[in-house]
Amino acid sequence: MSRIVYVNGDYLPEEEAKVSVFDRGFLMADAVYEVTSVIGGKLIDFDGHFTRLCRSLSELEMDNPTDRDALLAIHRELLARNGVVDGLVYLQVSRGVADRDFAYPEDAAPSMVLFTQTKQLADSPAAKKGLRVITIPDQRWARRDIKTVQLLYPSMGKMAAKKAGADDAWMVEDGHVTEGTSNNAYIVKGGRIITRHLGNEILAGITRAAVLRFAREAQMELEERAFTPDEARAADEAFVTSATTFVTPVIEIDGVALGDGTPGPVARRLREIYLDESLKTAV
Ligand code: PMP
């Protein structure tokens, strides 16, 4: 089954969609991305993702190839052409094509690629069962606030988790949890939600921002600070957030079951609130 993908202005069958071997995304990981989820044909938090895309591009002094309305139109066109009702849109912008050189080229035009994936995101088995995570050292670069395609270390972390019989890994730096391989990490202790403060050490999750806003509105207690793996293993419950997994409970950390070893009430409630509320602003 061939998808229609978007490449620099064209909608093409995936077999015909090509980027150059000299694209700096391919040669230097000189590219940024966004993933926006789709529920019932609508894009969740589109504006949040667009705003973060602009910031990533600007931090890397990369030209922005699009604006909000043009990008929304491309997203919608791709959903329509592929008949996607539930799933996601992946978007990548690279600095473009240039002869290989560490210095940024002066005249390269950014290249933009988008594709869709069909997936039942809201009704996921992981959300019902909860995740088992392990902790590993955070060996990524120091600008994790920029959403680049340098995803090899997170991939290695995910493989380390799989080999250990777990689902995912939480990364640890200077004795504190930074985040999951592809999500933000939270613990709950005595009814208080604790998640790492923003900074260069983690990605400012679009889902994180929404979930913290909804938690505040629901008068839940909240603390944005770094926490240790020991604190995490002693927590009452834990969870992760990302655009495609929303709020997903964590039931075990490094082999230690949290609470009664089943998804906790705070994570379950936040998932419900997040799904309800974010659908209201979906486009
Ligand atoms: N941290 C990392 C390292 C991620 O890869 C992701 C998902 N892209 C997130 C956090 C969550 O971000 P968002 O809620 O915007 O998907």
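The structure holds one cavity of 30 Å³ or more. A cavity is a set of points, on a 1 Å grid over the protein atoms alone, where a 1.4 Å probe fits but cannot get out, and lining residues have an atom within 4 Å of a point. The model is a predicted one, in which local features need pLDDT of at least 70 and side-chain atom pairs count only at pLDDT 80 or more, while totals for chains, interfaces and linings use all residues. Residues are numbered from 1 along each chain as its sequence is written, and side-chain values use heavy atoms, with hydrogens and water left out.

The lining of the largest cavity consists of E34, T36, F46, H49, F50, L53, L71, H75 and L91. Two or more of these residues come from each of β3 (31–39), α2 (46–59) and α3 (68–82), and α2 gives the most, with four residues. Helices (H or I, at least four residues) and strands (E, at least two) are DSSP runs, numbered from the N terminus.

Two pockets are also described. A pocket is an open set of points with protein on both sides within 12 Å along at least five of seven lines. Volumes are the space filled by probe spheres set on the points, with grid points joined across faces, edges and corners.

| Space | Volume | Lining by class |
|---|---|---|
| Largest pocket | about 1,300 Å³ | 19 nonpolar, 19 polar, 11 charged |
| Second largest pocket | about 310 Å³ | 10 nonpolar, five polar, four charged |
| Largest cavity | about 40 Å³ | five nonpolar, three polar, one charged |

Ala, Val, Leu, Ile, Met, Phe, Trp, Tyr, Cys and Pro count as nonpolar, Asp, Glu, Lys and Arg as charged, and the others, Gly among them, as polar.

Of the 49 residues that line the largest pocket, Y33, T181, S182, N183 and T244 lie nearest its centre. Helix α5 (residues 152–163) supplies the largest share of this lining, five residues. Domain 1 (4–118) and domain 2 (125–280) each contribute at least three residues to the lining of the largest pocket; the bounds come from an automatic or database domain assignment.

The second largest pocket has 19 lining residues, with A17, K18, V19, Q92 and V113 nearest its centre. Its lining takes two or more residues from each of β1 (4–7), α1 (24–28), β5 (87–94) and β6 (111–118). The most come from β6, with four residues.

Helix α6 (residues 206–217) and helix α8 (residues 265–280) have axes that come within 10 Å and cross at roughly 105°. That makes α6 roughly perpendicular to α8.

Key
Axes are lines fitted to C-alpha atoms, for helices over the stretch in contact, and angles run from 0 to 180 degrees between N-to-C directions. Angles under 35 degrees count as roughly parallel, over 145 as roughly antiparallel, 65 to 115 as roughly perpendicular and the rest as oblique.
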